[in-house]
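Here are my notes for you, as someone meeting this structure for the first time. They are numbered so that you can follow them with the model open beside you.

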Amino acid sequence: MIYRRFVGFPGLENRNPFSEIENMRRQVERLYQGFLSPYARPAAGVFPLVNLTESKEHYALRAELPGVRSEDLDIQATANTLTLAGERKIPEEKQSAKYHRRERESGRFSRVITLPGEINPDKVEASLVNGVLTVVVPKAEASKPRQITVR
Amino acid sequence: MTDSKEIKVKEKQEATSPAQPTLEGLVFTPEVDIFEDEKAITLLADIPGVSPEMLNIDLRDNVLTISGDVARMDLSGEEWLTQEFETGRYYRQFTLSEVIDQNRIDAKLSQGVLRLSLPKVEKATPRKIAIKAG
(Lines give C-alpha, C1' and ligand atoms only; values in the text may rest on other atoms or scores of the structure.)
Protein backbone atom coordinates (compact mmCIF):
# COMPACT_ATOMS: atom_id res chain seq x y z
CA MET A 1 0.00 0.00 0.00
CA ILE A 2 2.79 2.29 0.88
CA TYR A 3 4.41 1.68 -2.46
CA ARG A 4 1.41 2.78 -4.41
CA ARG A 5 1.44 6.12 -2.68
CA PHE A 6 5.12 6.45 -3.15
CA VAL A 7 4.96 5.83 -6.83
CA GLY A 8 1.90 7.96 -7.39
CA PHE A 9 1.56 11.55 -6.35
CA PRO A 10 2.11 12.09 -2.67
CA GLY A 11 -1.39 11.90 -1.45
CA LEU A 12 -3.42 15.01 -1.71
CA GLU A 13 -5.96 13.05 0.28
CA ASN A 14 -3.45 12.75 3.09
CA ARG A 15 -4.51 15.11 5.79
CA ASN A 16 -1.54 14.46 8.01
CA PRO A 17 1.63 14.24 5.94
CA PHE A 18 3.53 12.90 8.93
CA SER A 19 1.34 9.87 9.41
CA GLU A 20 2.83 8.38 6.31
CA ILE A 21 6.35 8.91 7.56
CA GLU A 22 5.40 7.50 10.92
CA ASN A 23 3.92 4.50 9.19
CA MET A 24 7.05 3.96 7.18
CA ARG A 25 9.26 4.27 10.22
CA ARG A 26 7.28 1.55 11.92
CA GLN A 27 7.56 -0.72 8.91
CA VAL A 28 11.30 -0.23 8.71
CA GLU A 29 11.60 -0.94 12.41
CA ARG A 30 9.67 -4.16 12.03
CA LEU A 31 11.86 -5.13 9.13
CA TYR A 32 14.97 -4.54 11.17
CA GLN A 33 13.69 -6.55 14.07
CA GLY A 34 13.26 -9.57 11.88
CA PHE A 35 16.38 -8.91 9.95
CA LEU A 36 19.04 -8.15 12.51
CA SER A 37 18.05 -10.59 15.19
CA PRO A 38 16.30 -13.58 13.72
CA TYR A 39 16.93 -15.40 16.99
CA ALA A 40 15.52 -12.71 19.21
CA ARG A 41 12.33 -14.59 19.70
CA PRO A 42 12.60 -18.34 19.68
CA ALA A 43 10.02 -19.96 17.49
CA ALA A 44 8.59 -22.05 20.26
CA GLY A 45 9.55 -20.21 23.41
CA VAL A 46 9.97 -23.56 25.11
CA PHE A 47 13.11 -24.97 26.65
CA PRO A 48 15.26 -26.38 25.17
CA LEU A 49 15.98 -24.41 22.04
CA VAL A 50 16.65 -26.71 19.12
CA ASN A 51 18.44 -26.58 15.84
CA LEU A 52 17.03 -28.83 13.19
CA THR A 53 18.72 -29.91 10.01
CA GLU A 54 17.96 -32.51 7.40
CA SER A 55 19.87 -34.57 4.93
CA LYS A 56 18.55 -37.00 2.36
CA GLU A 57 18.58 -39.82 4.86
CA HIS A 58 17.77 -38.26 8.19
CA TYR A 59 16.82 -35.30 10.34
CA ALA A 60 19.27 -34.11 12.97
CA LEU A 61 18.21 -32.25 16.04
CA ARG A 62 20.60 -30.48 18.36
CA ALA A 63 19.96 -28.90 21.72
CA GLU A 64 22.16 -27.47 24.44
CA LEU A 65 21.47 -29.18 27.73
CA PRO A 66 24.39 -28.44 30.03
CA GLY A 67 24.30 -30.36 33.27
CA VAL A 68 21.51 -32.69 32.21
CA ARG A 69 22.49 -36.28 32.78
CA SER A 70 21.42 -38.85 30.22
CA GLU A 71 19.41 -40.71 32.86
CA ASP A 72 17.39 -37.56 33.49
CA LEU A 73 16.54 -37.23 29.83
CA ASP A 74 13.58 -38.88 28.17
CA ILE A 75 13.32 -38.91 24.39
CA GLN A 76 10.32 -40.38 22.64
CA ALA A 77 9.54 -40.69 18.97
CA THR A 78 6.34 -41.29 17.08
CA ALA A 79 5.63 -41.32 13.35
CA ASN A 80 6.51 -37.65 12.93
CA THR A 81 7.17 -36.15 16.33
CA LEU A 82 9.99 -36.18 18.79
CA THR A 83 9.48 -35.42 22.46
CA LEU A 84 12.33 -34.17 24.60
CA ALA A 85 11.55 -34.21 28.27
CA GLY A 86 13.64 -34.24 31.37
CA GLU A 87 14.89 -32.38 34.30
CA ARG A 88 17.90 -30.27 34.89
CA LYS A 89 19.06 -30.72 38.44
CA ILE A 90 21.44 -28.41 40.20
CA PRO A 91 22.71 -30.13 43.32
CA GLU A 92 22.41 -28.26 46.58
CA GLU A 93 25.64 -26.85 47.88
CA LYS A 94 26.74 -26.73 51.46
CA GLN A 95 24.76 -24.67 53.91
CA SER A 96 27.71 -22.40 54.49
CA ALA A 97 27.86 -21.36 50.84
CA LYS A 98 27.11 -17.70 50.28
CA TYR A 99 25.92 -17.03 46.76
CA HIS A 100 27.34 -14.12 44.82
CA ARG A 101 25.63 -14.98 41.57
CA ARG A 102 22.93 -17.41 40.68
CA GLU A 103 22.16 -17.37 36.98
CA ARG A 104 21.86 -21.04 36.16
CA GLU A 105 18.38 -22.43 36.19
CA SER A 106 17.11 -25.81 37.14
CA GLY A 107 13.77 -27.43 36.53
CA ARG A 108 11.74 -29.68 34.34
CA PHE A 109 11.24 -29.35 30.65
CA SER A 110 9.24 -30.96 27.93
CA ARG A 111 9.04 -30.11 24.30
CA VAL A 112 7.41 -31.75 21.33
CA ILE A 113 9.03 -31.19 17.97
CA THR A 114 7.02 -31.96 14.88
CA LEU A 115 9.21 -33.05 12.02
CA PRO A 116 8.29 -32.12 8.48
CA GLY A 117 8.12 -35.71 7.29
CA GLU A 118 7.59 -39.24 8.49
CA ILE A 119 10.38 -40.84 10.45
CA ASN A 120 11.47 -44.28 11.45
CA PRO A 121 10.92 -44.14 15.23
CA ASP A 122 12.73 -47.43 15.84
CA LYS A 123 16.08 -46.21 14.60
CA VAL A 124 16.43 -42.91 16.45
CA GLU A 125 19.88 -42.38 17.90
CA ALA A 126 20.76 -39.86 20.56
CA SER A 127 24.05 -38.81 22.06
CA LEU A 128 24.89 -36.34 24.78
CA VAL A 129 28.41 -34.97 24.55
CA ASN A 130 29.72 -32.01 26.57
CA GLY A 131 26.16 -30.97 27.32
CA VAL A 132 25.03 -30.95 23.71
CA LEU A 133 22.33 -33.38 22.72
CA THR A 134 22.30 -34.67 19.16
CA VAL A 135 19.39 -36.77 17.98
CA VAL A 136 19.66 -38.38 14.58
CA VAL A 137 16.29 -39.43 13.23
CA PRO A 138 16.21 -41.55 10.08
CA LYS A 139 13.50 -40.63 7.63
CA ALA A 140 10.86 -43.19 6.80
CA GLU A 141 11.29 -44.75 3.37
CA ALA A 142 8.20 -42.90 2.17
CA SER A 143 9.59 -39.45 2.93
CA LYS A 144 13.05 -39.92 1.44
CA PRO A 145 13.68 -38.13 -1.80
CA ARG A 146 13.83 -40.47 -4.74
CA GLN A 147 15.80 -40.14 -7.86
CA ILE A 148 13.59 -40.54 -10.88
CA THR A 149 15.20 -41.63 -14.07
CA VAL A 150 13.69 -40.46 -17.30
CA ARG A 151 13.50 -43.17 -19.85
CA MET B 1 5.27 -32.81 38.25
CA THR B 2 4.58 -30.29 40.95
CA ASP B 3 7.71 -30.94 42.95
CA SER B 4 9.87 -28.76 40.78
CA LYS B 5 9.38 -25.72 38.63
CA GLU B 6 9.52 -25.72 34.91
CA ILE B 7 12.62 -24.46 33.25
CA LYS B 8 12.18 -21.29 31.23
CA VAL B 9 13.66 -20.73 27.88
CA LYS B 10 16.47 -18.22 27.89
CA GLU B 11 18.37 -16.63 25.08
CA LYS B 12 22.06 -17.10 24.93
CA GLN B 13 23.63 -13.80 25.85
CA GLU B 14 25.98 -12.45 23.29
CA ALA B 15 29.01 -10.96 24.96
CA THR B 16 29.64 -7.29 24.48
CA SER B 17 33.20 -6.21 24.67
CA PRO B 18 34.60 -2.76 24.07
CA ALA B 19 37.55 -4.28 22.24
CA GLN B 20 37.16 -5.81 18.83
CA PRO B 21 37.83 -9.50 18.80
CA THR B 22 40.47 -10.62 16.38
CA LEU B 23 38.78 -13.94 15.85
CA GLU B 24 35.70 -14.07 13.75
CA GLY B 25 32.54 -15.56 15.09
CA LEU B 26 30.07 -15.07 17.85
CA VAL B 27 30.98 -14.78 21.50
CA PHE B 28 28.57 -15.65 24.28
CA THR B 29 28.50 -14.94 27.97
CA PRO B 30 28.05 -18.15 29.90
CA GLU B 31 25.63 -18.28 32.78
CA VAL B 32 27.34 -18.81 36.11
CA ASP B 33 26.73 -19.57 39.73
CA ILE B 34 29.33 -18.27 42.13
CA PHE B 35 29.38 -19.04 45.80
CA GLU B 36 31.83 -18.70 48.59
CA ASP B 37 32.48 -20.45 51.86
CA GLU B 38 35.25 -20.11 54.43
CA LYS B 39 37.69 -22.17 52.37
CA ALA B 40 37.08 -21.36 48.73
CA ILE B 41 35.19 -19.58 46.02
CA THR B 42 33.42 -21.95 43.67
CA LEU B 43 32.27 -21.05 40.20
CA LEU B 44 29.93 -23.09 38.03
CA ALA B 45 29.51 -22.14 34.38
CA ASP B 46 27.31 -23.56 31.65
CA ILE B 47 29.44 -23.98 28.57
CA PRO B 48 27.74 -26.63 26.43
CA GLY B 49 29.79 -27.83 23.49
CA VAL B 50 33.18 -27.01 24.97
CA SER B 51 35.51 -29.97 25.30
CA PRO B 52 38.14 -29.94 28.08
CA GLU B 53 41.02 -29.32 25.68
CA MET B 54 39.30 -26.26 24.25
CA LEU B 55 38.71 -24.62 27.59
CA ASN B 56 41.04 -21.97 28.91
CA ILE B 57 41.09 -20.70 32.44
CA ASP B 58 43.44 -17.93 33.35
CA LEU B 59 44.00 -16.10 36.58
CA ARG B 60 46.31 -13.14 36.85
CA ASP B 61 46.23 -9.98 38.90
CA ASN B 62 42.97 -11.09 40.47
CA VAL B 63 41.24 -11.26 37.11
CA LEU B 64 39.80 -14.62 36.26
CA THR B 65 39.19 -15.28 32.57
CA ILE B 66 37.20 -18.19 31.27
CA SER B 67 37.13 -18.82 27.57
CA GLY B 68 36.06 -21.85 25.65
CA ASP B 69 35.81 -22.67 22.01
CA VAL B 70 33.09 -24.75 20.50
CA ALA B 71 33.99 -27.05 17.67
CA ARG B 72 32.19 -26.17 14.49
CA MET B 73 29.39 -28.55 13.72
CA ASP B 74 29.93 -30.70 10.70
CA LEU B 75 26.88 -29.98 8.61
CA SER B 76 28.07 -31.35 5.32
CA GLY B 77 25.18 -32.74 3.37
CA GLU B 78 22.71 -31.20 5.78
CA GLU B 79 20.31 -28.37 5.25
CA TRP B 80 18.88 -26.06 7.85
CA LEU B 81 15.26 -26.40 8.82
CA THR B 82 15.14 -24.40 12.04
CA GLN B 83 17.80 -22.52 13.90
CA GLU B 84 16.86 -21.37 17.35
CA PHE B 85 20.31 -20.99 18.82
CA GLU B 86 23.75 -20.23 17.57
CA THR B 87 27.09 -21.50 18.74
CA GLY B 88 30.30 -19.67 19.29
CA ARG B 89 32.95 -18.99 21.85
CA TYR B 90 32.24 -18.47 25.50
CA TYR B 91 34.05 -15.70 27.27
CA ARG B 92 33.69 -14.11 30.66
CA GLN B 93 35.91 -12.30 33.12
CA PHE B 94 35.62 -11.82 36.83
CA THR B 95 37.52 -9.73 39.30
CA LEU B 96 38.25 -11.61 42.47
CA SER B 97 38.36 -9.79 45.74
CA GLU B 98 40.05 -12.62 47.60
CA VAL B 99 43.60 -13.82 47.30
CA ILE B 100 43.49 -17.22 45.64
CA ASP B 101 45.94 -20.03 46.17
CA GLN B 102 46.95 -20.52 42.56
CA ASN B 103 48.49 -23.92 43.15
CA ARG B 104 45.35 -25.52 44.42
CA ILE B 105 42.89 -24.32 41.79
CA ASP B 106 40.81 -27.22 40.62
CA ALA B 107 38.69 -27.33 37.47
CA LYS B 108 36.30 -30.04 36.37
CA LEU B 109 34.26 -30.11 33.22
CA SER B 110 31.40 -32.52 32.96
CA GLN B 111 28.33 -32.49 30.73
CA GLY B 112 29.01 -28.96 29.60
CA VAL B 113 29.28 -27.56 33.11
CA LEU B 114 32.54 -26.21 34.46
CA ARG B 115 33.14 -26.42 38.16
CA LEU B 116 36.01 -24.28 39.24
CA SER B 117 37.23 -24.32 42.79
CA LEU B 118 39.38 -21.38 43.84
CA PRO B 119 40.78 -22.00 47.31
CA LYS B 120 41.55 -18.94 49.37
CA VAL B 121 45.05 -18.44 50.60
CA GLU B 122 45.42 -19.70 54.14
CA LYS B 123 45.86 -16.35 55.76
CA ALA B 124 42.67 -15.08 54.25
CA THR B 125 40.59 -17.68 56.05
CA PRO B 126 39.16 -16.17 59.18
CA ARG B 127 40.74 -17.50 62.31
CA LYS B 128 39.08 -17.47 65.58
CA ILE B 129 41.11 -15.75 68.18
CA ALA B 130 40.65 -16.98 71.64
CA ILE B 131 40.67 -14.29 74.23
CA LYS B 132 42.12 -15.27 77.51
CA ALA B 133 40.78 -13.72 80.57
CA GLY B 134 43.60 -11.89 82.27
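1. A salt bridge here is a side-chain nitrogen of Lys or Arg within 4 Å of a carboxyl oxygen of Asp or Glu. By that rule, nine salt bridges are counted between chain B and chain A. One of them pairs A:K94 with B:D37, whose closest N and O atoms are 3.1 Å apart.

2. A word on the ground rules. This is a predicted model, in which local features need pLDDT of at least 70 and side-chain atom pairs count only at pLDDT 80 or more, while totals for chains, interfaces and linings use all residues. Residues are numbered from 1 along each chain as its sequence is written, chains are lettered from A and ligands numbered from 1 in the order in which they are written, and side-chain values use heavy atoms, with hydrogens and water left out.

3. Now to the interface as a whole. Counting contact as heavy atoms within 4.5 Å, 49 residues of chain B touch 52 residues of chain A. The two chains bury about 4,600 Å² between them, 51% of it on carbon and sulfur atoms; buried area is the accessible area (1.4 Å probe) that two parts lose on being put together, summed over both. On the chain B side, the residues losing the most area to chain A are B:I7, B:E84 and B:Q111, together 18% of what that side buries.

4. What about polar contacts? There are 24 residue pairs of this kind between chain B and chain A, both residues at pLDDT 80 or more. The term covers a pair of N or O atoms within 3.5 Å; within protein, one must be able to donate a hydrogen and the other to accept it, and residues adjacent in sequence count only if both atoms are side-chain atoms. By class, the side of chain B that touches chain A has 20 nonpolar, nine polar and 20 charged residues. Nonpolar means Ala, Val, Leu, Ile, Met, Phe, Trp, Tyr, Cys and Pro, charged means Asp, Glu, Lys and Arg, and the others, Gly among them, are polar.

5. Do look at the sheet that includes strands from both chains. Helices (H or I, at least four residues) and strands (E, at least two) are DSSP runs, numbered from the N terminus, and two strands pair if DSSP finds at least two bridges between them. Five strands form an open antiparallel sheet in the order 5(A)-3(B)-4(B)-10(B)-9(B). Its edge strands are strand 5 (98-102) of chain A and strand 9 (106-110) of chain B, each pairing on one side only. Within it, five bridges join strands 3 and 4 of chain B, and B:F35 stands opposite B:T42.

6. Which strand of chain B pairs with strand 1 of chain A? The partner is strand 7 of chain B, antiparallel over four bridges, with B:T82 as the bridge partner of A:L52.

7. Chain A also has an open antiparallel sheet of three strands, in the order 3-4-6. Strand 3 (73-77) and strand 6 (107-114) each have a single partner strand, so one side of each is left without a neighbour in the sheet. Strands 3 and 4 of chain A are joined by a hairpin through three residues, and eight bridges link strand 4 to strand 6.

8. Two backbone details to finish. A cis peptide bond joins A:F47 and A:P48, with omega about -5°; A:P48 lies in the loop between helix 2 (17-36) and strand 1 of chain A. A:N130, a residue other than glycine, has a positive phi near 50°.
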